[in-house]
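Colleague: I have a model open and would like to learn how to read it. Could you take me through it, starting with the way helices pack?

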Amino acid sequence: MPRKIIWITGGSSGIGFATAKYFLKNNWIVIISSSNIEKLTNAKNKIINKDNIENLHTINCNITDKNEVKKTISYIENEIGNINIALLNAAAYSPNQNQEFDIKNYELLIDVNLKGTLYCIDELKEVMKKRENTIAIVSSPIGYRGWPTSGAYGMTKAAQLNLSESLFFDFKKIGIKMRVINPGFIDTEATRLNSFKMPFLKSADFAAEKIYNGLVHKKSFEIFFPFLIVFFVKILRILPYKLYFYLWKKIGNF
Ligand SMILES: NC(=O)c1ccc[n+]([C@@H]2O[C@H](COP(=O)([O-])OP(=O)(O)OC[C@H]3O[C@@H](n4cnc5c(N)ncnc54)[C@H](OP(=O)(O)O)[C@@H]3O)[C@@H](O)[C@H]2O)c1
């Protein structure tokens with residue numbers, strides 16, 4: 001049986017990198033891509049060994065560049081093989097503790113997290129059609145509802161979540177499975193920018209195991225973890241505004 005192939009965008013660090021290691025360990029062919037060639041090379045050097053050298057591929061691809069995305073997908077499909085799972089994980093993150101509205105930040109996050117993700121989907125839908133392959137978007141529970149200090153990032157994650165739900169229906173018709181991954185706080189380069197104490201903080205390896213098991217062994221549309229914190233946020237999602245705003249006032253004087 002041919003080996004299965006996963007393409008992970010933003011595989012040079014954090015959750016993407018840890019997930020790449022996990023899939024490699026489980027004998028998948030793994031392609032990691034990211035925009036920073038040095039980070040990508042470092043990532044490769046950290047995982048590669050004589051046993052997995054043939055199974056790991058790295059491609060420098062900035063997802064905000066439509067042509068790079070097109071070339072990357074066409075290279076993988078023609079030179080490596082059919083992509084079974086595309087893990088659209090790459091994202092930019094910038095917390096906004098000062099609660100200042102900065103349009104440049106919105107533009108950056110829209111370019112990477114939204115337009116970048118859309119460029120990937122636009123190409124993947126052509127090659128994956130009728131193959132029953134999976135496109136999994138790494139969103140965030142922050143997208144369930146508007147949180148203080150996270151206007152730009154939260155907005156892009158909410159949009160990704162909404163997009164995944166919508167495409168779940170539309171892509172079913174063309175034989176592509178859409179899934180969404182909503183991790184709680186995971187210790188990565190991105191979250192090290194946070195100045196607050198993150199409840200239930202887990203390692204990237206923890207996230208990788210959950211993502212692997214969710215994608216490979218389960219069929220549910222949403223993969224979320226750790227259960228307690230994300231379940232709590234799911235409850236926040238259904239609270240009436242009055243209560244929701246009151247809670248944030250109590251939690252952090254927002
Ligand atoms: N950590 C958490 O607590 C948490 C919680 C919920 C959701 N998430 C989501 O999980 C995903 C991974 O986040 P992380 O925490 O692992 O962050 P991270 O370590 O900062 O990883 C982000 C990855 O995205 C890549 N990237 C950034 N801009 C890119 C671009 N323009 N083109 C291609 N790749 C790009 C980065 O590589 P280069 O710099 O080399 O391009 C890096 O590999 C994100 O979607 C994030 O929103 C994280």
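Modeller: Gladly. Axes are lines fitted to C-alpha atoms, for helices over the stretch in contact, and angles run from 0 to 180 degrees between N-to-C directions. Helices (H or I, at least four residues) and strands (E, at least two) are DSSP runs, numbered from the N terminus. This is a predicted model, where local features need pLDDT of at least 70 and side-chain atom pairs count only at pLDDT 80 or more, while totals for chains, interfaces and linings use all residues. Residues are numbered from 1 along each chain as its sequence is written.

Colleague: At roughly what angle do the axes of helix H1 and helix H6 cross?

Modeller: Two packed helices are described by the angle between their axes and the distance between the axes. Here H1 (residues 14-25) and H6 (residues 204-217) cross at roughly 55°, with axes that come within 8 Å. That makes H1 oblique to H6; angles under 35 degrees count as roughly parallel, over 145 as roughly antiparallel, 65 to 115 as roughly perpendicular and the rest as oblique.

Colleague: Which residues of H1 and H6 make the contact?

Modeller: Contact requires C-beta atoms, placed from the backbone, to lie within 7 Å. H1 contributes residues including Phe17, Ala18 and Tyr22, and H6 contributes residues including Ala208, Ile211 and Tyr212. The contact of H1 with H6 has ten nonpolar, two polar and three charged residues. For these classes, Ala, Val, Leu, Ile, Met, Phe, Trp, Tyr, Cys and Pro count as nonpolar, Asp, Glu, Lys and Arg as charged, and the others, Gly among them, as polar.

Colleague: How far apart are the axes of H4 and H5?

Modeller: The axes of H4 and helix H5 (residues 151-172) are 9 Å apart, at an angle of about 20°. H4 and H5 are therefore roughly parallel to each other. In their contact, seven residues are nonpolar, five are polar and none is charged.

Colleague: And the sheet: in what order do the strands come?

Modeller: Strands of a sheet pair through backbone hydrogen bonds, either parallel or antiparallel. In this open sheet, seven strands follow the order S3-S2-S1-S4-S5-S6-S9, with parallel pairing (a pair needs at least two DSSP bridges). Strands S3 (56-60) and S9 (222-225) stand at the edges with a single partner strand each, so one side of each has no neighbour in the sheet. From one strand to the next, the twist averages 15°.

Colleague: Which residues come nearest to the ligand?

Modeller: Gly10, Gly14, Ser34, Asn36 and Ala91 come nearest, out of 32 residues around the ligand (C-beta atom, placed from the backbone, within 6 Å). H1 supplies the largest share of that shell, three residues.

Notes:
Contact = placed C-beta atoms within 7 Å.
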